[in-house]
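Please keep the structure open while reading.

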Amino acid sequence: MATDWLGSVVSINCGLTLGVYQGQVSSVDHASQTISLRQPYHNGIRCPVPEVTFSAMDIKELKFLDIQNTANKSSSGQGAATEPSGRHDQSNRVTQPHVASSSSHSSTAPITILRRAPTDSSNSRGATQATPKRNSVRNGGAGGSMRPKDDECFGDRTDEDLDTDFDFEGNLALFDKAAVFSQIDGTNSHSNRAQHQSTLSEQKPVSYRHDENILEGKPVIYRQITVPQHGGKEYCTDSGLVVPSVPYELHKRLLAAAERWGLSLERRLETIGVCSTQMALTLLGGPNRLTPKNVHQRPTVVLLCGPHIQGAQGISCGRHLANHEVEVILFLPNFLKMQESVTSEVNLYSRTSGKQVASIKDLPSSPVDLVINCLDCHENRLLREQSWYKSAADWANQNRAPVLSIDPAVSEQHQTVETKWTLFLGLPLPLAEAESRVYLCDIGIPKLVFQEVGIRYHSPFGCKFVIPLHSA
């Protein structure tokens with residue numbers, strides 16, 4: 001008799017501790033008083049194990065939800081009782097754990113408790129009793145047609161494969177996109193389409209993006225300056241333009257030609273003073289250092305000048321620095337005779353707040369912010385042998401401050417003062433390799449003046465008056 005209940009759908013209440021289980025009866029053992037359910041549900045949730053076994057001692061209540069074998073056997077005499085329906089009547093419930101002696105053949109219609117959360121027995125009983133007529137009608141012949149729909153929606157086999165993950169990569173590999181697109185397009189349609197698109201492209205005007213140039217650009221010429229006498233070294237700007245060096249004799253002839261056309265020495269000194277001042281202010285920190293809130297930390301600059309034109313250029317730079325609230329100390333030895341340009345610049349400098357000293361002992365012993373070197377002279381190389389020159393050079397090397405040299409004399413000998421930056425005028429002179437960083441300033445020489453001395457010139461400065469040069 002135990003085999004008659006195999007395959008039936010039951011609901012087993014094991015109390016508050018174990019909960020309620022639903023499933024199909026897979027085995028009933030009278031000897032050990034156990035019952036096993038396959039595809040079990042625990043409190044409305046499918047169990048991870050395929051089969052669960054219960055002892056009779058743990059079962060508090062057992063309900064038959066669908067008796068498959070009994071329904072088949074008694075289909076001739078009890079059609080209404082064995083006809084499937086979507087709901088139960090409360091009389092189908094069996095409260096005894098021993099199900100072999102139970103005679104619940106009167107109504108065995110299944111309910112949808114397998115797909116719903118478990119509810120309280122008293123509530124379900126009340127709901128069933130409140131609608132007895134509707135259940136009795138559906139349990140008759142008219143309700144038989146609802147069974148396939150209920151099984152399709154709430155049947156036990158609808159989610160058998162839900163635990164199996166879909167293989168996206170495997171199914172995607174089965175799709176041959178190239179073959180599909182070739183089949184869709186076809187050879188003839190593809191060729192016709194390409195011919196049509198080519199015709200449209202010829203008729204449609206070319207459109208440009210906002211960053212494209214409509215006019216065809218000419219190739220960039222980086223060597224725009226050529227000189228008749230090469231100085232032996234070439235430099236290049238940040239944009240790649242080549243700037244050749246020139247010997248001092250050609251540079252001297254260039255300045256003389258500019259002076260004949262009206263670029264006098266005084267105007268040149270003023271231009272050099274402004275350009276060198278801009279470079280010095282940048283080296284001192286620019287707007288980060290020279291602000292009204294930083295008056296208590298004004299930078300200090302020492303000018304080392306000689307009694308020549310290069311010295312006058314340095315004094316002009318010191319005057320502009322003093323006008324920009326920089327503490328300037330001018331070192332100029334007492335000479336019996338100096339050039340007129342030097343005397344004129346000293347007179348202008350004396351009207352500023354800058355200091356002037358004639359002895360090395362009066363210079364600061366602590367490091368300053370910047371030292372500007374204008375001791376050298378292109379015409380007189382013997383100045384390096386004089387005592388004041390050596391003392392000034394030794395002080396600059398021992399002060400440990402960065403040095404800026406303006407228009408220094410270039411020779412095969414090593415520079416006496418260790419220079420970090422070198423500023424040349426118009427065109428650079430050939431400086432020794434890796435001796436200092438080279439800069440070039442525009443002193444306002446017209447283009448035709450360059451042509452007069454045989455130099456084909458195109459300005460490399462762009463929007464600046466002082467630009468850095470790099471060894472080519």
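The side chains of D376 and Y389 are joined by a polar contact of 2.2 Å, a value that, like every other one here, comes from a predicted model. D376 sits in the loop between β13 (370-374) and α14 (387-398), and Y389 also belongs to a cluster of rings. The mean pLDDT of the protein is 79, with 73% of its residues reaching 70 or more.

**Surroundings of D376**

- With a relative accessible area of 7%, D376 is buried, because a residue counts as buried when this area is under 20%.
- Besides the contact with Y389, the side chain of D376 makes a polar contact of 3.4 Å with the side chain of R384.
- When neighbours within four places in sequence are left aside, the residues in contact with D376 are H308, Q310, R384, Y389, P408, A409 and Q415.

**Aromatic pairs**

- The structure holds four aromatic pairs, and ring pairs link F335, W388 and Y389 into a cluster.
- Y21 and F54 form an edge-to-face aromatic pair, with 4.9 Å from centre to centre and 65 degrees between the planes.
- This pair links distant parts of the chain, since Y21 is in strand β2 (residues 20-29) and F54 is in strand β5 (residues 51-55), 33 residues apart.
- Both partners are buried: Y21 has a relative accessible area of 13%, and F54 has one of 5%.
- The rings of F450 and Y457 have centres 3.8 Å apart and planes at 5 degrees, so this pair is stacked.
- F450 counts as buried at 2% relative accessibility, and Y457 likewise counts as buried at 8%.

**Helix α10**

- The 13 residues of helix α10 (residues 248-260) should span 18 Å at 1.5 Å a residue, and the distance of 18 Å between the end C-alpha atoms agrees with this expectation.
- The buried residues of α10 are L250, H251, L254, L255, A257 and A258.
- Seen down the axis of α10, these buried residues fall within an arc of 160 degrees, so they line one face of the helix.
- An α-helix has 3.6 residues a turn, so residues three or four places apart point the same way.
- The partners against which the buried residues of α10 pack are α11 (265-283), β15 (421-425) and α15 (447-452).
- On the face of α10 turned away from its buried side are the exposed residues E249 and R260.
- Just after α10, G262 takes a positive phi of about 115 degrees.

**Confidence of the prediction**

- Where pLDDT is low, the predicted coordinates should not be read in detail.

Key. Residues numbered from 1 in each chain as written. Predicted model: local features only at pLDDT ≥ 70, side-chain atom pairs only at ≥ 80, totals over all residues. Heavy atoms only, no water. pLDDT = per-residue confidence, 0-100. Helix = DSSP H or I, 4+ residues; strand = E, 2+ residues; numbered from the N terminus. Expected span 1.5 Å × (residues − 1). Buried < 20%, exposed > 50% of the residue type's maximum accessible area, 1.4 Å probe, protein only. Arc of directions from axis to C-beta. Contact = heavy atoms within 4.5 Å. Polar contact = N/O pair within 3.5 Å; in protein donor to acceptor, adjacent residues only side chain to side chain. Phe/Tyr/Trp six-rings, centres within 6.5 Å; stacked < 30°, edge-to-face > 60°.
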